[in-house]
Amino acid sequence: MGGLRLDAGKLVLRGGKKGTVIVPGLPERSRLIARVTSTEDDERMPPEGSPLEPRQVALLSEWIQAGASIPVQEVI
């Protein structure tokens with residue numbers, strides 16, 4: 001719907017129709033972290049099912065803090 005794809009690193013870094021969702025090195029400024037930690041049903045990702053576990057959010061935050069690097073040979 002918003003053009004955001006999370007199934008490949010290059011696509012995550014590109015963002016969606018509303019722009020980027022990751023600020024490499026700054027998880028606190030990354031919209032992806034705000035969305036996966038939101039308690040609002042219309043904001044939370046994933047939109048259906050259970051929210052991410054705290055450890056999953058921590059892993060995302062650590063990846064972003066470390067620069068959000070992706071494999072050079074990644075195939076989309």
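The following chat walks through a predicted model of one protein chain.

Visitor: What elements does the protein chain have, and in what order do they run?
Guide: In this predicted model, the protein chain has three helices and zero strands, and from the N terminus on the elements run α-α-α.

Visitor: How does the radius of gyration sit against that of a compact globule?
Guide: The protein chain has a radius of gyration of 12 Å, which agrees with the value near 11 Å that a compact globule of 76 residues would have. Along its principal axes, the C-alpha trace spans about 35 × 25 × 20 Å.

Visitor: And how much of the protein chain counts as buried?
Guide: Of the 76 residues, 26% count as buried, while the protein chain exposes about 5,400 Å², of which carbon and sulfur atoms supply 56%. As for how the chain folds back on itself, 46% of the contacts between residues at least 6 apart in sequence join residues at least 24 apart.

Visitor: Which residues make up the largest nonpolar core?
Guide: There are ten residues in all, namely V12, V21, I22, L32, I33, V36, M45, V57, I64 and A68. Helices α2 (31–37) and α3 (54–65) are the elements that give two or more residues to this core, and the largest share, three residues, comes from α2. In soluble globular proteins, nonpolar side chains tend to be buried together.

Visitor: Take I22 from that list; what does I22 touch?
Guide: Not counting residues up to four places away in sequence, I22 touches V12, L13, S30, L32, W63, I64 and A68; among them V12, L32, I64 and A68 are also members of the largest nonpolar core.

Visitor: S30 turned up there. Where is S30, and is S30 buried or exposed?
Guide: S30 is placed in the loop between α1 (9–14) and α2, and S30 is buried, because its relative accessible area of 2% falls under the 20% cut-off. Leaving aside neighbours within four places in sequence, S30 is in contact with V21, I22, V23 and I64.

Visitor: So what lies 3.0 Å from a polar atom of the S30 side chain?
Guide: That is the backbone oxygen of L26, which lies 3.0 Å from a polar side-chain atom of S30.

Visitor: Which residues does R31 touch, and where does the side chain reach?
Guide: Not counting residues up to four places away in sequence, R31 touches K18, G19, T20 and V21, and the side chain of R31 reaches the backbone oxygen of T20 at 3.1 Å. The C-alpha atoms of R31 and G19, which are twelve residues apart along the chain, are separated by 9.7 Å.

Visitor: Changing topic to the backbone, which peptide bond is cis?
Guide: The peptide bond from M45 to P46 is cis, with omega near -5°, and P46 lies in the loop between α2 and α3. Most residues other than glycine have a negative phi, and most peptide bonds are trans.

Visitor: What is the phi of A68, then, and where is A68 found?
Guide: A68 has a positive phi of about 55° although A68 is not a glycine, and A68 is found in the segment after α3. A68 is also buried, with a relative accessible area of 2%, and belongs to the largest nonpolar core.

Note on methods. Residues numbered from 1 in each chain as written. Predicted model: local features only at pLDDT ≥ 70, side-chain atom pairs only at ≥ 80, totals over all residues. Heavy atoms only, no water. Core = buried A, V, L, I, M, F, W, Y, C linked by side-chain atoms within 4.5 Å. Buried < 20%, exposed > 50% of the residue type's maximum accessible area, 1.4 Å probe, protein only. Helix = DSSP H or I, 4+ residues; strand = E, 2+ residues; numbered from the N terminus. Contact = heavy atoms within 4.5 Å. Polar contact = N/O pair within 3.5 Å; in protein donor to acceptor, adjacent residues only side chain to side chain. Rg over C-alpha atoms; globule rule 2.2 N^0.38 Å. Areas by Shrake-Rupley, 256 points an atom, 1.4 Å probe, with all protein chains shown as cover.
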